Amino acid sequence: MKPTERNFARRIDLTSLQLFVAVCELGSIGRAAEREFIATSAVSKRLSDLEATLDTPLLYRHTRGVDLTPAGESLLHHARSVLFSLEKMQGELSEYADGVRGHVRVHANISAIVQFLPEDLGTFVREHEQVKIDLEEHLSMDVIRAVQEGAADLGICNTAVLGASGPGELQTRPYRHDRLVLIVPKAHVLSALSAINFIETLDFDHVGLHATSSIYLAMRQAAAQAGRTIRLRIRVTGLDAMCRMIHNGLGVGVIPRRAFELMQGVGDLACVPLNDDWALRQIDLVARDFATLPITARLLVEHLGARAAPQP
């Protein structure tokens, strides 16, 4: 590091960065001061000192609050990255203090969590008992966003939800495949079919997942391409809730086949395979840079990647 870079690092105060991020998030110096339990004048002074250190204005101040200058937008991006890194360092070091050799923050979509991760993570923690895994369930788009922002070391989701743009600057590796099927009550007129095209289901009421879930987005796109709409009767947040709703006659629904097989007993239901190409989905591992992940995260990536199967 050059002398000028060392001097710059010494002049930047972490507390001022935290307060700057709080002001940006709340859009007001007063609200940030209230949230951070510090006097408004003290926050204002730290922001002024920060602007003096950087020799550029960071905020447009007005009666309604504050807006970011172009320099402020750039600093907000870097400040969040610095604070995320500090939180990650604190978390990893505290795990060492507790006798645990490391931990991995994983965000995954519901399909991966229900179908594959219980067994795959179970075998991993039995082989690496000193590693702690923090697993959170999120929608695929939120999983990708968490990896981009540094809130998760590893994401596991369906990246096809992003379309042709893909995951941007993130790296991906194949993990698993699943196939979507139509779930209907056993007494339903469609239950006797050996397979079905999705557009043939649009004459019936549907039980759907969250509007931004990867499954529902694929369904909506398929319906739109056929010039149709989905007759959505109710939305649910979980696959077990969907099966119970379908069992009680509220409609039909689309879920991964393996998830349905694992939930046998939830209702008197049958599954009908979908003929559509989009019904075969790939679930990917996602990281900002696999090569720079902590050693514990790289071990998990290798473990999960070894379970990747060729596309059916």
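In this predicted model, the buried residues of helix α10 are covered by several elements, among them α6 (110-115), β6 (171-185) and β7 (206-208). The cover also includes β9 (253-256), α11 (257-262) and β10 (269-273). Helix α10 spans residues 239-247, and its buried residues are L239, M242, C243 and I246. These residues lie on the same side of α10, because they cover an arc of only 100 degrees around the axis. An α-helix has 3.6 residues a turn, so residues three or four places apart point the same way. Just after α10, G249 adopts a positive phi of about 85 degrees.

The structure holds 2 aromatic pairs. One of them joins F116 and Y175 in an edge-to-face arrangement. The ring centres of F116 and Y175 are 6.2 Å apart, with 85 degrees between the planes. F116 lies in the loop between α6 and α7 (117-127), whereas Y175 belongs to strand β6. The pair therefore ties together parts that are 59 residues apart in sequence. Strand β6 is also among the elements that cover the buried residues of α10, as is α6. Both partners are buried under the cut-off of 20% relative accessible area: F116 has a value of 6%, and Y175 has a value of 1%.

F198 and W278 form an aromatic pair that is likewise described as edge-to-face. Here the centre-to-centre distance is 5.3 Å, and the angle between the planes is 80 degrees. This pair links distant parts of the chain, 80 residues apart. F198 sits in the loop between β6 and β7, and W278 in the loop between β10 and β11 (280-287). F198 counts as buried, at 0% relative accessibility. W278 counts as partly exposed, at 23%.

Charged side chains also meet aromatic rings. The charged end of R173 sits over the ring of F290, at 4.3 Å from the ring centre. The charged end of R235 sits over the ring of Y216, where the distance to the centre is 4.5 Å.

Pocket analysis followed. The largest pocket holds about 480 Å³ of space. Its lining comprises 20 residues. Of these, V147, Q148, E149, G150 and R288 lie nearest the centre of the pocket. Helices α5 (70-97) and α8 (140-149) each supply at least two lining residues. The largest share comes from α5, with 7 residues.

E127 was considered separately. This residue is placed in helix α7. At 52% relative accessibility, E127 counts as exposed, because the cut-off for that class is over 50%. E127 and L83 are 44 residues apart in sequence, and their C-alpha atoms are 32 Å apart in space.

The overall fold was then summarised. The secondary structure of the protein chain comes to 12 helices and 11 strands. The C-alpha trace spans about 75 × 50 × 35 Å along its principal axes. The chain has 312 residues, of which 43% count as buried. Among contacts with a separation of 6 or more, 72% involve residues 24 or more positions apart.

Key. Residues numbered from 1 in each chain as written. Predicted model: local features only at pLDDT ≥ 70, side-chain atom pairs only at ≥ 80, totals over all residues. Heavy atoms only, no water. Buried < 20%, exposed > 50% of the residue type's maximum accessible area, 1.4 Å probe, protein only. Helix = DSSP H or I, 4+ residues; strand = E, 2+ residues; numbered from the N terminus. Arc of directions from axis to C-beta. Contact = heavy atoms within 4.5 Å. Phe/Tyr/Trp six-rings, centres within 6.5 Å; stacked < 30°, edge-to-face > 60°. Lys NZ or Arg CZ within 6 Å of the ring centre and 35° of its normal. 1 Å grid on protein atoms, 1.4 Å probe; cavity = no way out; pocket = protein on both sides within 12 Å on 5 of 7 lines; lining within 4 Å. Points joined across faces, edges and corners; volume = space filled by probe spheres on them.
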